[in-house]
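Hi,

Here is the structure I promised to send over.

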Amino acid sequence: MHRRKFIKQSCSLCVAVGAGMIAGSISGCATLPVYKTGVANNAVSVPVAIFGTTNFQLIQPKNLYYNIGLKKEADGSYTALLLKCTHADNQLMPTGNGYKCDLHGSAFNGEGKVITGPAERPLKKYKTEIQSDQIIIHLI
């Protein structure tokens with residue numbers, strides 16, 4: 001095979017693989033439930049109704065850099081975790097059974113405990129309570 005043909009075929013393959021990876025990432029993001037909300041009095045309010053078909057919700061509070069993972073537990077309570085890696089302050093991505101940092105590879109389970117380093121500390125957990133039909137996440 002000539003060098004020119006080899007390079008052309010290699011580049012075409014890289015572009016095809018890269019496009020497939022990007023399309024897979026975009027479609028994965030599109031199916032992730034996201035709820036955008038504001039912050040008032042150091043708290044975030046989320047309607048209970050958004051958990052009608054899912055047990056997990058990604059919360060994007062306005063003017064906060066990091067998202068919050070909000071999970072409905074089997075007993076009806078809610079767990080809210082700040083999705084900020086405790087190693088290098090990178091935004092975490094939900095993985096289905098926990099959270100992963102794409103910067104250095106740290107992984108956390110659904111309760112926020114470290115399962116793979118280099119992170120050594122668990123994720124910050126926020127207190128939650130239910131008031132009427134709202135889940136209140138206390139940010140302090």
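First, some housekeeping. This is a predicted model, so local features need pLDDT of at least 70 and side-chain atom pairs count only at pLDDT 80 or more, while totals for chains, interfaces and linings use all residues. Residues are numbered from 1 along each chain as its sequence is written, and side-chain values use heavy atoms, with hydrogens and water left out.

Let's start with strand 5 (78–82). Strands here are DSSP runs of E with at least two residues, numbered from the N terminus. Five of the five residues of strand 5 are buried, so the rest of the structure largely encloses this strand. "Buried" means under 20% relative accessible area, with a 1.4 Å probe and protein chains only. In a regular strand, side chains alternate between the two faces of the sheet. Here Tyr-78, Ala-80 and Leu-82 point one way, and Thr-79 and Leu-81 point the other.

Which strands does it pair with? Strand 4 (68–72) joins strand 5 in the antiparallel sense over five bridges; two strands count as paired if DSSP finds at least two bridges between them. Ile-68 has Leu-82 as its bridge partner. These two strands form a hairpin with five residues between them, and Gly-76 in the turn has a positive phi of about 95°. Strand 5 also pairs with strand 10 (residues 125–131), again antiparallel, over two bridges, and there Ala-80 has Tyr-126 as its bridge partner.

Several of these residues turn up again in the largest nonpolar core, which has 14 residues; Val-46, Ile-68, Leu-70, Tyr-126 and Ile-137 have the most contacts inside it. A nonpolar core is a set of buried Ala, Val, Leu, Ile, Met, Phe, Trp, Tyr and Cys residues joined through side-chain atoms within 4.5 Å. Strand 5 gives the most to this core, with three residues. Apart from this core lies another, of 11 residues, including Leu-58, Leu-92, Phe-108 and Ala-119. Leaving aside neighbours within four places in sequence, Tyr-126 is in contact (heavy atoms within 4.5 Å) with Ile-68, Ala-80, Leu-82, Ile-137, His-138 and Leu-139.

Thr-86 lies in the loop between strand 5 and strand 6, and counts as buried because its relative accessible area is 14%. With the neighbours within four places left out, its contacts include Phe-108, Ala-119 and Arg-121. Gln-57, in strand 3 (residues 56–61), counts as buried because its relative accessibility is 5%.

There is also an open sheet of four strands in the order 6-7-8-9, with antiparallel pairing. Its edges are strand 6 (93–94) and strand 9 (114–116), each pairing on one side only. Strand 7 (residues 98–100) and strand 8 (residues 107–109) pair over three bridges, and Gly-98 stands opposite Asn-109.

Cheers

Technical notes
Buried means under 20% relative accessible area, exposed over 50%, partly exposed in between (1.4 Å probe, protein chains only).
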